[in-house]
Amino acid sequence: MSERSAVVVGAGVGGLATAVALTGAGWRVQVLERHERLRADGAGLQLWANGVRALGALGMGGALDAITDRRSRGPAGLRAPDGKWLVRPDQAPGESVFAHRQDLHEALVAALGEGVAVRTSATVTGLRLGDAPAVRLGGETITADLVVGADGASSLARTSVDNHARLVGAGRVAWRAVVPSFRAPELSGACETRGDGLRFAYAGLGHHGVYWTAEAQGSVRPESPAGQLDLLRRWFAGWHEPVGQLIAATRPEELLQNPVEYLDPLPRAFAHAGSTAGVALVGDAAHALTTDLGQGAGLALEDAVTLGACLRGRTVPEGLRRYDELRRHRVTRLAKASRRAGAAKGGALRTALMRALPDRAQAKGSPAVTDWTPPEG
Ligand SMILES: Cc1cc2nc3c(=O)[nH]c(=O)nc-3n(C[C@H](O)[C@H](O)[C@H](O)COP(=O)(O)OP(=O)(O)OC[C@H]3O[C@@H](n4cnc5c(N)ncnc54)[C@H](O)[C@@H]3O)c2cc1C
């Protein structure tokens, strides 16, 4: 097949990984990113076995080893706010690794092949379907054999492929921060604690320090970051250490706040196939999930690997139909599992359930969620 061309909208984990997968298969790829530079937010990321396998399939197993902290590998334990272990780390399901998002971003950029051109400050303002799919950048139009919408949860590309999906709030807010190592307390491994409608989790990120994330019911807080840290201090008062120590060691400028959002319903199609060309959606553009399974980036990496495999030796429309078929069942199942895990979160009932059935309550990392292997094609 002669060299085929793709335009990837968005340089997040999903877009960059897709560019790696496509150039590995001989495509000429242009990545368009609206920000001035390629960057991730300043938080950590947990990748489960499926995400690790997907990076391996992209030829990035060595890069992942280099950016993950050995002490945070392996399962994370689950505790109650008083510190009682609900699931000890050696009994927790699944293997996971933690990395700093910026490290993963840089590793993906380093893995981009020769055939990739990246344009920053390039905001896509429109997308055309059909046999000459195209994106608009202000007054400029770029056509390609394949357009990939990797533009995140509020995707513009998705609305062209499917106007059915809606981004909805889960009624929760998440905070994240990385505390530099010189200010962070000593850790003995990764851990998650849940109770009273709240969640707190932390893991070491090697020389970067310690990553923590917290969740509470409600909407985005209007207070300044310093005011939000005060609230977190109050809400998590009395929780086992190092929860309070980590919040106390965090500077306001290190704090990130995000609403927890997900797509409901999911798009009816993750791709649009014309007769010779088409459009695919990957990552949050296709299936933003709640944070409950910690699988958003993992699924984005799976999408990239699957799309690359499906297009190998097939025409674009055939490859896109196969991609949609392969992703639909898995993504639909995980979206439901993620919502179920979130609905049961919080309150005395949840804590009682976790004490009684800790492994069922901890869907994260279970084989049913992480059991994915790269497709042959
Ligand atoms: C609090 C929180 C914690 C999380 N923790 C985890 C975790 O531990 N593990 C995990 O696997 N997942 C986690 N996730 C989910 C994960 O962050 C996302 O699923 C993942 O980042 C999605 O990647 P993406 O590339 O699809 O989208 P994004 O990361 O949103 O990237 C989209 C890119 O497209 C660009 N863009 C958007 N519109 C345009 C446009 N019109 N033109 C050009 N460029 C555009 C954006 O600037 C951005 O760079 C978490 C999410 C949250 C909110």
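Let's start inside the fold: setting aside residues up to four places away in sequence, Ala304 touches Gly14, Ala17, Thr18 and Ala21, where contact means heavy atoms within 4.5 Å. Ala304 has its place in helix α9, residues 296–311; helices here are DSSP runs of H or I with at least four residues, strands are runs of E with at least two, and both are numbered from the N terminus. Ala304 is buried, with a relative accessible area of 0%. Buried stands for under 20% relative accessible area, exposed for over 50%, and partly exposed for what lies in between, using a 1.4 Å probe and protein chains only.

A word on the model before we go on. This is a predicted model, in which local features need pLDDT of at least 70 and side-chain atom pairs count only at pLDDT 80 or more, while totals for chains, interfaces and linings use all residues. Residues are numbered from 1 along each chain as its sequence is written, and side-chain values use heavy atoms, with hydrogens and water left out.

Back in helix α9, we also find Thr306. Thr306 is buried, at a relative accessible area of 2%. Its side chain reaches the backbone oxygen of Glu302 at 2.7 Å. That is a polar contact, a pair of N or O atoms within 3.5 Å; within protein, one must be able to donate a hydrogen and the other to accept it, and residues adjacent in sequence count only if both atoms are side-chain atoms. Not counting residues up to four places away in sequence, Thr306 touches Tyr323, Leu326, Arg327, Trp372 and Pro375. On helices there is a handy rule: an α-helix has 3.6 residues a turn, so residues three or four places apart point the same way.

Now to the sheet. Six strands form an open sheet in the order β7-β2-β1-β11-β18-β17, with mixed pairing; two strands pair if DSSP finds at least two bridges between them. β7 (116–119) and β17 (271–273) stand at the edges with a single partner strand each, so one side of each has no neighbour in the sheet. From one strand to the next, the twist averages 15 degrees. Helix α10 (residues 316–343) packs on the sheet, where it touches β11, β17 and β18, and its direction makes about 150 degrees with that of β17. Axes of this kind are lines fitted to C-alpha atoms, for helices over the stretch in contact, and angles run from 0 to 180 degrees between N-to-C directions.

Strand β1 (residues 5–9) runs parallel to β11 and is joined to it by four bridges, with Ala6 opposite Leu146. Four bridges also join β11 to the parallel strand β18 (residues 278–281). There, Leu146 has Gly278 as its bridge partner, and Gly149 stands opposite Leu281.

Over residues 278–336 the chain is 69% helix and 7% strand, and the end C-alpha atoms are 28 Å apart.

The ligand is our next stop. It is surrounded by 29 residues, the closest being Gly14, Glu33, Arg34, Asp284 and Ala297; a residue counts as near if one of its heavy atoms lies within 4 Å.

Arg101 brings us to helix α4 (residues 101–111), whose buried residues are Gln102, Asp103, Leu104, His105, Ala107 and Leu108. Their cover includes α1 (13–24), β3 (44–48), α2 (49–57), α3 (61–67) and β6 (96–100). In helix α6 (residues 225–235), the buried residues are Gly227, Gln228, Leu229, Leu231 and Leu232, and they pack against β12 (167–179), β15 (210–217), α7 (243–248) and β16 (256–263).

Finally, Ser181 lies in the loop between β12 and β13 (191–195). Ser181 is partly exposed, with a relative accessible area of 42%. Its side chain reaches the backbone oxygen of His207 at 3.3 Å.
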